[in-house]
Amino acid sequence: MNAIAAPPRFLQVPATLLASVRTAVVGDRPPMEAVTVLRQLGYELGEEVYASLQERVARDFAGIDWGRLNPAEFWRAAAGFFADRGWGRLEFRDLHPAVGAIDLTDWVEAEAGGGPRGAHLTTGLFSALLERLAGSGLAVMEVPSGSADRTRLLFARGDILGQVYEGVRTGTPVEDVVARL
């Protein structure tokens with residue numbers, strides 16, 4: 001007998017829970033270990049969010065296979081999905097043929113505190129989502145956004161993001177690194 005997977009269930013909880021989770025994860029861990037755990041939690045969350053986002057896209061674009069949506073339609077549906085659930089505002093930017101950017105404003109995790117600065121849970125979540133969408137290994141990395149009220153995630157193949165990481169690590173602005181790809 002084949003078991004039928006139950007659809008993902010979502011709870012509405014106060015945004016402050018995220019800061020509590022981040023604080024609990026950090027505990028006595030070294031910062032990089034805490035970041036790794038937060039990203040893993042986000043990745044696992046992304047697996048569940050994927051199915052729910054797929055339902056949202058099917059509802060918003062009835063009759064269209066979500067694999068056939070153009071990027072603007074997909075990102076519009078994704079932005080509505082996350083905004084409706086209280087995460088914040090999301091905007092996709094096509095920085096380079098090999099690199100996409102997700103700009104997050106009023107993003108609940110960025111404002112949460114409780115542990116190492118950054119949207120580590122979100123990075124893991126989008127890693128899982130985009131990996132499932134692409135059907136292959138995409139990597140997601142948080143980079144300096146140039147704005148205190150915005151978080152920026154880049155996504156691309158791992159080797160491409162490795163090049164971006166090396167440039168950013170040496171102090172080169174993200175836009176300059178991406179332009180040189």
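Buried here means under 20% relative accessible area, exposed means over 50%, and partly exposed covers what falls in between, with a 1.4 Å probe and protein chains only. The model is predicted, so local features need pLDDT of at least 70 and side-chain atom pairs count only at pLDDT 80 or more, while totals for chains, interfaces and linings use all residues. Residues are numbered from 1 along each chain as its sequence is written, and side-chain values use heavy atoms, with hydrogens and water left out.

On that burial scale, F82 and F126 both come out as buried, and so does F81. These residues belong to the aromatic part of the story. Rings of Phe, Tyr and Trp (for Trp, the six-membered ring) pair if their centres lie within 6.5 Å; planes under 30 degrees apart are called stacked, over 60 edge-to-face, and the rest tilted. Counted this way, there are 10 aromatic pairs. One of them joins F81 to F82 in an edge-to-face arrangement, 5.1 Å centre to centre with 85° between the planes. F82 also pairs with F126, this time tilted, at 5.2 Å centre to centre and 40° between the planes. F82 sits in helix α3 (residues 71–84) and F126 in helix α5 (residues 120–134), so this pair ties together parts 44 residues apart in sequence. F81, F82, W87, W107 and F126 make up one aromatic cluster. Helices here are DSSP runs (H or I, at least four residues), numbered from the N terminus.

Helix α5 also holds L121, which counts as buried because its relative accessibility is 8%. Leaving aside residues up to four places away in sequence, L121 touches L18, L38, L41, G42, L45, W87 and E109, where contact means heavy atoms within 4.5 Å. L121 and L41 are 80 residues apart along the chain, yet their C-alpha atoms are separated by 6.3 Å.

Now for the helix packing. Helix α1 (residues 16–26) packs on helix α2 (residues 31–60) at an angle of about 135°, with the axes 9 Å apart. That makes α1 oblique to α2, since angles under 35 degrees count as roughly parallel, over 145 as roughly antiparallel, 65 to 115 as roughly perpendicular and the rest as oblique. Axes are lines fitted to C-alpha atoms over the stretch in contact, and angles run from 0 to 180 degrees between N-to-C directions. R22, V25 and V26 of α1 meet A34, V37, L38 and L41 of α2.

Notes:
Helices (H or I, at least four residues) and strands (E, at least two) are DSSP runs, numbered from the N terminus.
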